[in-house]
Amino acid sequence: MMHTPERMFLWRRFTLREGILLGFCATFIILARAGLRLHLHLPGHVMFFTMFFFLLARGCVPKTGSATLVGLIVSLASFLLGMGTKGPAVFVKFLLPALLVDCAGYIFPAFVTSVVACVLVGSVSAAVRALSDTWIEWLSGMDTEIVLQKTIITASLFALYAGLSALAVPSIIRRLQRNGLIDQGEDEKR
Amino acid sequence: MKKPAGKKTGHKLSRTSVYACQYMTRDSLVHQLGAGWKIAFCTLLSALAVGARTPRELLALVAVTLIYYFAARLTPFDLWRDIKFFVYQAVVVISLYCLHSGLSKGLWPGIRTSVQVILFYIPGAVLLRTTSTGDMMRGLRRVVPYRLSFLVFVSIRFVPFFFRELDEISTAQRLRGARLLPRQLLDPRNWGDLFHCLLLPLMVRALKTAEEVSLSAEAREFGRRKQRTYFDVSLCGEPAVRSPDKPQPVTPPLLQPCCNRGQLNRKV
């Protein structure tokens, strides 16, 4: 069967199908946040699903910018739905880890199929997310040592949850690839 | 009949806020302001919060921020909802300061920075509490390209759909023996079931739905042109009454760029 080339829909990079799929990953993050905010009260637990879907989005659409697009959609949707307790700072909160996932994907495109790489990228990206609060505290004139201590506690919790969820990503990606549901993404370093 | 918990009747404002930064329908001056003005005011107050250092500056800013908050006819209960997280954080920060510099030296800097952080976020909370989703979407359309806003609205539109899907998959998998009950998921040994019995089928469903939605949109030529297009029914002629004796001519639907709000009722 002949395959006609798909028309690019967004930023000359993503097709409409890919865009919608990434939008759905954002939907899952919103669902997880909405569900978790009512039930659990553990600090940092929200990164469990957030990082999982960022990594999964990168695995399902192996193109540079896919995680960032998910981050952008989640921030806009959270802002519209009034889900961000931090107002417009919600953009930094989601875009920062998403950008890191994309950077990792640019350097090592196949990282989503490796458990070690996935855990490393997930943990580091989630830990960096703790910086989104730190810069406000630092600008407010908080003592550097206090800022550092608080950031270390927050970042460790974020990294722990993100690392745990990242463990499951490679097996899911491999299963989706084996069944031909997603591209292999071997030469997608764009 | 029993009154719902947490609600007051009569002339007093109802305490209906379920979560932080939830939009509240009120008739206030702040509600009537445009989203752009509110964003500008939010940015200004947040910047002042970061810059405030002396107790006098901080007190003045607390007063202004509270006036702005209560001018939106929001209640102290709403305020508590919005700043609850930061109050807990303030306890940690003040404790760290006291541990680090001693009670006498560490108390004021701890209080100051905690208040600054709270003041930084309150204007954002007012923005979210006083601006409806519709107003935000209208504002968003002016700033964000229509293709991106389409993806945002699709992701919001599919929240209830995937919520139902999640519920159905979860029920089916539980019947097959998967350990997916909330109390079972508290045990990390059951997290494998969460990923492989719930999130994997959900992802497969998402892939299939994305395919269907994109095909449906592309069949209507969505995203063909740079500008937003709409389906102009007036160019298709009069609505035809189908009769087997007299076949009606079919005019192909034309795609026109959006030009005014009146023509937006039949968007593609």
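A: In chain A, the residues A:M47, A:F48, A:F49, A:M51, A:F52 and A:L55 of α2(A) meet A:F158, A:Y161, A:A162, A:L164, A:S165 and A:A166 of α7(A). Contact here is two C-beta atoms, placed from the backbone, within 7 Å. Helices are DSSP runs of H or I with at least four residues, and strands are E runs of at least two, numbered from the N terminus. By class, this α2(A)–α7(A) contact has eleven nonpolar residues, one polar and no charged. Nonpolar covers Ala, Val, Leu, Ile, Met, Phe, Trp, Tyr, Cys and Pro; charged covers Asp, Glu, Lys and Arg; the others, Gly among them, are polar.

The model is predicted: local features need pLDDT of at least 70 and side-chain atom pairs count only at pLDDT 80 or more, while totals for chains, interfaces and linings use all residues. Residues are numbered from 1 along each chain as its sequence is written, with chains lettered from A and ligands numbered from 1 in the order in which they are written.

The axes of α2 (residues 46–60) and α7 (residues 144–166) of chain A come within 8 Å and cross at roughly 50 degrees. Axes are lines fitted to C-alpha atoms, for helices over the stretch in contact, with angles from 0 to 180 degrees between N-to-C directions. That angle makes α2(A) oblique to α7(A); under 35 degrees counts as roughly parallel, over 145 as roughly antiparallel, 65 to 115 as roughly perpendicular and the rest as oblique.

As for the assembly, 53 residues of chain B are in contact with 44 residues of chain A. On the chain B side, α10(B) gives the largest share, 13 residues.
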